[in-house]
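User: Please take me through the pockets and the strand pairing here. Keep it brisk.

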Amino acid sequence: MPINHDKLVNWDIPEVEQRLTKRDTMLYALGVGLGADPCDANQLKFVYEESLLALPTMAIILGYPGPWHAHPDTGITRSHVVHGEQGFSIHRPLPVEGAIVGKTRITGVLDKGKDKGAAVMTACEVRDKASNELVCTLTSTTFCRADGGFGGPAGPAKEVHRIPDTPPQQTCDLPTLPQAALIYRLSGDYNPLHADPAYAQKAGFKMPILHGRATFSIAGHAILKTCCGYDPARFKSMEGRFSSPVYPGETIRTEIWQDGNVVTFRATVPARGVTVINNGRAEIT
């Protein structure tokens with residue numbers, strides 16, 4: 001069944017209530033590589049319960065609605081879905097434990113053509129359950145590689161943030177573990193594309209790939225380390241476009257250009273000469 005634009009753009013994604021524990025906060029940080037040096041005090045504060053802090057990028061797993069697109073009535077081919085873009089803005093310090101509520105809505109569905117697929121854009125508001133205060137807002141684009149050509153609109157599309165033509169001012173290399181995707185999925189994204197070799201091969205990959213959100217978070221770690229001195233209170237927002245998958249075990253290099261409180265970034269896998277996140281932008285204080 002092909003995508004029905006009007007039906008999909010009005011799809012009701014159920015509200016998600018999530019009870020966050022310190023264990024969840026630490027597991028997320030471990031899943032994106034914090035604690036690689038267990039004696040590094042800067043990293044330890046995100047993976048050890050004593051004076052525990054939440055990584056800014058943990059915003060992207062709060063209120064996660066799960067694989068809502070797997071419902072057969074959406075018209076989306078789940079095996080060919082990849083994460084296209086991700087963003088977040090933080091409005092108050094992220095909790096390390098407590099109850100939050102997330103409500104995701106679809107903000108657009110674009111038809112890129114029969115051979116190019118479809119793009120589904122969503123936005124999510126995450127609120128503290130007790131006070132109803134807004135904690136963070138999230139944006140995401142999903143590319144449905146097998147589902148273009150359904151006759152929907154092709155635009156308008158958001159203008160991308162441009163990468164400077166000059167060499168990066170700073171670079172930060174962070175390795176990933178071979179089992180990185182198997183750890184990261186325990187933070188709530190159980191798509192078999194990241195765990196099942198046969199499923200990954202069916203989708204056109206040689207092996208399970210790292211979650212886009214994990215790649216994004218590793219680039220966020222690089223910015224936190226390089227530009228914020230590991231102070232999460234200085235990290236306000238981040239967005240980027242996924243341009244190529246990462247295979248667990250690869251090293252991700254984040255290239256950084258800073259202009260005041262705006263950080264432009266790009267993430268690559270030097271070993272394969274590929275860009276994995278492009279057109280990245282973050283705001284810090």
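Analyst: First, a term: two strands pair if DSSP finds at least two bridges between them. Helices (H or I, at least four residues) and strands (E, at least two) are DSSP runs, numbered from the N terminus. This is a predicted model, where local features need pLDDT of at least 70, side-chain atom pairs count only at pLDDT 80 or more, and totals for chains, interfaces and linings use all residues. Residues are numbered from 1 along each chain, and side-chain values use heavy atoms, without hydrogens and water.

User: Which residue takes a positive phi in the hairpin of strand 4 and strand 5?

Analyst: Strand 4 and strand 5 pair antiparallel over 10 bridges. Ala-123 stands opposite Thr-139 in strand 5. Five residues lie between the strands of this hairpin, and the one with a positive phi, near 65 degrees, is Asn-132.

User: In strand 5, what is the bridge partner of Phe-88?

Analyst: Strand 2 and strand 5 run antiparallel, joined by nine bridges. In strand 5, Phe-88 has as its bridge partner Leu-138.

User: Which element gives the largest share of the lining of the largest pocket?

Analyst: A pocket is an open set of points on a 1 Å grid over the protein atoms alone, where a 1.4 Å probe fits, with protein on both sides within 12 Å along at least five of seven lines; lining residues have an atom within 4 Å of a point. The largest pocket is lined by 40 residues. Strand 2, strand 4, strand 5 and helix 6 each supply at least two residues of this lining. The largest share, five residues, comes from strand 5.
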